[in-house]
Amino acid sequence: HTQSAVLWGWFAENHPNVKTVMNVYPDNRIGHGQNEKARKLAEMYGMKNLDTIFYPPGTKDYSAIATKVKRLNPDVVVTSGGGPIEAALLFKTLYQAGYKGIRFMTVSIPLGQIAKIMPLNMAEGLITGMNVVDLESPPPGAKEFKEAYIAKYGSWNEPEILYVNG
């Protein structure tokens, strides 16, 4: 899908001082594909890719990754493809390691999902997409989808619905 390309364009326009990027992705087909796309988009916008780290899917301890990120100190760390739990654990560990750069997730992740893993103050500096169903004025299909979800489950509790923007 085109969401990551759109987010990269917005990111480059709104963060012109970002010069260095580090990529952290799951070591699977999705992660390798997302990494390749991110590396090409970063280069297209004049950013230098410092390194890529692939982690085994299901990883729970990101301390070695956070240590390397902190040492290389890129302007931004980019990730996607691991899901909300792995992403939140990565972001939490980066925060705990003292990394102060931007964390950029090139897909949407609801804050309610992140808040189940870490305090939201640890999400300071995180840039991510927004699910179309959570917009103030969602398009008709997204509005209908959210209304149907609420009718069935009683409330909208920021569920993780993969590819809902697609």
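**A parallel sheet and its salt bridges**

Strand β1 (residues 20-26) and β2 run parallel and are joined by 7 bridges; strands here are DSSP E runs of at least two residues and helices are H or I runs of at least four, both numbered from the N terminus, and two strands count as paired if DSSP finds at least two bridges between them. Within this pair, Tyr-25 stands opposite Phe-54 in β2. The model is a predicted one, in which local features need pLDDT of at least 70 and side-chain atom pairs count only at pLDDT 80 or more, while totals for chains, interfaces and linings use all residues. Residues are numbered from 1 along each chain as its sequence is written, and side-chain values use heavy atoms, with hydrogens and water left out.

The open sheet is formed by 5 strands in the order β2-β1-β3-β4-β5, with parallel pairing. At its edges stand β2 (48-55) and β5, each with a single partner strand, so one side of each has no neighbour in the sheet. From one strand to the next the twist averages 20° (axes are lines fitted to C-alpha atoms, for helices over the stretch in contact, and angles run from 0 to 180 degrees between N-to-C directions). Helix α1 (residues 3-14) packs on the sheet and touches β1, β3, β4 and β5, its direction making about 145° with that of β4; contact means heavy atoms within 4.5 Å. Helix α3 (residues 63-72) also packs on the sheet, touching β1, β2 and β3, and its direction makes about 170° with that of β2.

Strand β4 deserves a look of its own. All 7 of the 7 residues of β4 (residues 102-108) are buried, so this strand is largely enclosed by the rest of the structure (buried means under 20% relative accessible area, exposed over 50%, and partly exposed in between, with a 1.4 Å probe and protein chains only). Strand β3 (residues 76-79) is joined to β4 by 4 bridges, and Thr-79 has Met-105 as its bridge partner in β4. Strand β5 (residues 126-129) is likewise joined to β4 by 4 bridges, with Phe-104 opposite Ile-127 in β5.

Turning to side chains, the count comes to 3 salt bridges, each defined as a side-chain nitrogen of Lys or Arg within 4 Å of a carboxyl oxygen of Asp or Glu. Glu-36 and Lys-40 meet in one of them (3.7 Å, N to O); both lie in helix α2 (residues 29-44), 4 residues apart. Lys-40 counts as exposed at 54% relative accessibility. Lys-68 forms a salt bridge with Asp-51, with the closest N and O atoms 2.5 Å apart.
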